[in-house]
Amino acid sequence: MVPSRTSSSGGGGRHRPGARVAVLLPVPLAGPYDYRVADGNALADGDFVHVPLGRRPAIGVVWGAGGGEAAEDRLKDVAGTVDVPSLPEVSRRFVDWVAGYTLHAPGAVLRMVMSVPDALRPERPMTAYALTADAPEVRMTAARRRVLDVLADGPPRPAAELAREAAVGPSVVRGLTDAGVLHPVTLGPEVPVAPDWRRPGPALSPAQAGAAADLRRAAGGGFSVTVLDGVPGSGKTEVYFEAVAEALRHGRQVLVLVPEIALTAQWLDRFRRRFGAAPALWHSDLTAARRRRTWRAVAEGRAAVVVGARSALFLPFPDLGLVVVDEEHDASFKQEDGVVYNARDMAVVRARLGDIPAVLVSATPSLETVANADAGRYRRLHLPDRHARAPLPAVAAIDMRADGPPPGRWISPALHEALAATLDAGEQAMLFLNRRGYAPLTLCRACGHRLQCPQCTAWLVEHRVAGRLLCHHCGYAAPLPAACPACTAETPFAACGPGVERVAEEVAALWPGARQAVAASDTLNGPRAAEDLVRRIEDHDLDVIVGTQVVAKGHHFPMLTLVGVVDADLGLGGGDLRAAERTYQLLYQVAGRAGRAERPGRVLLQTYMPEDKVMQALVSGDRARFLAAEADDRRRAGMPPFGRLASLIVSSPDEGAADAVARDLGRAAPRANGVQVLGPAAAPLSRLRGRYRRRLLLKARRDVAVQPLLRAWIDAVAVPRRVRVQVDVDPYSFL
Ligand code: ADP
Ligand code: ZN
């Protein structure tokens, strides 16, 4: 293995036999490695190639002419090319750009591009299962029915995928096949039905039509960033569908990024209604076979529209013509593991590199995006009204200091009264609490010992339905112990504070006849369960929904008229730079669930700080004032978006080793005009998954390029093997 010195492509990107080429491998090494082009095997930049990596075979991408200093005779030959389309130049530049900006190895970024190694192997014919016409009558179970439902609205699927989508075991598919209801078919490469841009959209209101015309113009042009801002229900989705139609008219590919939990059946139904075909999907819950086919379809230009979570940004689009980021403010666009990046920001970079338009969509744009629009870097389109003039819900705060519930209860008298009135009127209510489980803290009644995760500085959260304690940081799970681990007393433990399960318990005690459901990521397992819940709410099979942020987004529920926020202050604690902004965004989204159709909605916020600017902004509906105040605070403090931040997180299973590296980094901290380094300090989550964590924070003026500083800083310190230093440019998490 011979490091290459350059990743620039000379000689028009073609490499003749015998030449030296730089090959980037999907591993976190410093850069590309040099190989020799084998006889009779000319290569071009972007080609996927087989190469030896140490003793193992590997697949990499030709990154340019090789420029390393190693002697010719040390070079190994490229073993052959892989039969897939070359990685487009824009994708390669994107990999380099993301690596340079985030200070992660280009190979680690390439690994995200090559996220489906299987996709690079030759296509094998695949067996899928289809409904048999005139199938014999068989005994119908709920599980069998779900399988048939899945097939009713889609193409034949491989057995594993079918079972997964229908949330059944593989034996159900086998049983149906044996009974002749399903039969196997062989799938060739998939040719997805192309979304049809010629189909007419809905008649748009004048404001919508104006925004749509503007977006269509942008969608036909080169690089631009447009912020599409409008209250929930104002028709932002309908409007950006017009931009999608325009890009399709030009024969180009489209990427729509959405937060994973906003990727709902409702959204897909709307897309299908508008364009007559489903988009290609990309998210973490797909089978390997599905990902493989979608990756191929994208690379070969057969997938016209991809809707996906953040990682879809790294798919190898040969002709991407538009990227839309829906819910652009959402923190889940920030990836915290591996390559730490913000998909919203990188989507804008991808648009710039590809000279294509980007559209950022939100009812509550991030301060970053607002600042960019204010500075004229982004264009702004605004939809002021809800479609069909459905009024926005009335928001009121309940002062829990004066009017709170009795101890051990979470629903205040005022919220209780509103719930009763809603249920009496035959309408639906949602209680929102962004905390899974039954109680966030469990302690021993005898000695006060708190049950803690053995691997993290975090309390264990009781999940009573599942009958266990869970760590929300590392996933550690254990049954509730019979005796206190500290004092061995066998007194029952005390549950402190509420999670959604506990609020549901209170609702059940107050209204035993009310039909209710808990909606949290752990109670809804899989997209089918989420869809079922949405349908039950739509069909008014439920009276009360107690939920976390999984229900905060995107849905329209005609009968839902009351939203009660159980603990509006929950996100405001802690030292998070964006605590106020995020709490505002989240609660605004939740409030938007109330009263979408003809019935006006009501929102009640239970808070101990009704005078806080977040509560004030929600109650008054004065977003502009909130944003201005928040911007002022940040500007004065030199914080993003008016200054730059980068974190170094030092972690190790060996506390002393973590401390030593953190100390060395502290001593080596860059000293420059407009740059300040805070720390090292123990991270708030000072132990995570058994690793001790220390943080340093670099704060810089906006005009300072932080990457060269960071690189020199990290290079100055020797890091032993068992210590990791993670770089987080533009951090969102401060834990
Ligand atoms: P947003 O994305 O701003 O929340 P949506 O695009 O989801 O708004 O629109 C909210 C609801 O109003 C959806 O059910 C949508 O189909 C409907 N809607 C919006 N604009 C129109 C329109 N011009 N004609 C018909 N229905 C519309
Ligand atoms: Zn843990």
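Reader: Which helix gives the largest share of the shell around ligand 1?
Author: That is helix α7, residues 236-249, which supplies three residues of the shell. Helices here are DSSP runs of H or I with at least four residues, strands are runs of E with at least two, and both are numbered from the N terminus. Before we go on: this is a predicted model, where local features need pLDDT of at least 70, side-chain atom pairs count only at pLDDT 80 or more, and totals for chains, interfaces and linings use all residues. Residues are numbered from 1 along each chain as its sequence is written, chains are lettered from A and ligands numbered from 1 in the order in which they are written, and side-chain values use heavy atoms, with hydrogens and water left out.

Reader: Thanks! Which residues come nearest to ligand 1?
Author: Q208, G233, K236, T237 and R270 do, out of 16 residues around the ligand. A residue is near a molecule if one of its heavy atoms lies within 4 Å of it.

Reader: And what classes are in that shell?
Author: It has five nonpolar, seven polar and four charged residues. In that scheme Ala, Val, Leu, Ile, Met, Phe, Trp, Tyr, Cys and Pro count as nonpolar, Asp, Glu, Lys and Arg as charged, and the others, Gly among them, as polar.

Reader: What is 2.6 Å from an oxygen atom of ligand 1?
Author: An N or O atom in the side chain of R270.

Reader: How much of ligand 1 does the protein cover?
Author: The protein covers 77% of the 550 Å² of accessible area that ligand 1 has on its own. Such areas come from the Shrake-Rupley method with a 1.4 Å probe, and for residues only the protein chains shown count as cover.

Reader: Switching topic: what are the protein donors of the zinc ion?
Author: The zinc ion is ligand 2, and its protein donors are the SG atoms of C453, C456, C471 and C474, at 2.2 to 2.3 Å. Donors are N, O and S atoms within 2.8 Å of the metal (3.2 Å for Na, K and Ca); water is not among the atoms, so sites may look incomplete.

Reader: Why is the arrangement tetrahedral?
Author: Because the four donor atoms subtend angles of 105 to 116° around the zinc ion. Four donors count as tetrahedral if all angles lie between 85 and 135 degrees. For reference, the ideal angle for four tetrahedral donors is 109.5 degrees.

Reader: How are the donor residues spaced in sequence?
Author: The pattern is C-x2-C-x14-C-x2-C. C456 lies in the loop between β22 (441-444) and β23 (461-463), and C471 in the loop between β24 (468-470) and β25 (477-478), so the pair ties together parts that are 15 residues apart in sequence.

Reader: Is C456 buried or exposed?
Author: C456 counts as buried, at 2% relative accessibility, and C471 is buried as well, at 3%. Buried means under 20% relative accessible area, exposed over 50%, and partly exposed in between (1.4 Å probe, protein chains only).

Reader: Now the backbone. Which peptide bond is cis with omega near 5°?
Author: The one from P640 to P641. P641 lies in the loop between α18 (623-637) and β31 (643-652). The bond from G679 to P680 is cis too, with omega near 10°, and P680 is in strand β32, residues 675-688.

Reader: What about L103, what is its phi?
Author: Phi of L103 is near 60°, a positive value in a residue other than glycine. L103 is in the loop between α1 (89-102) and α2 (106-113) and is buried, with a relative accessible area of 13%. E327 also has a positive phi, near 55°; this residue is in the loop between β15 (320-326) and β16 (334-335).

Reader: Last one: how far apart in space are N673 and H463?
Author: They are 51 Å apart, C-alpha to C-alpha, and 210 residues apart in sequence. N673 is exposed, with a relative accessible area of 68%.

Definitions and conventions:
Polar contact = N/O pair within 3.5 Å; in protein donor to acceptor, adjacent residues only side chain to side chain. Tetrahedral: all angles 85-135°; square planar, octahedral: opposite > 155°, others 65-115°.
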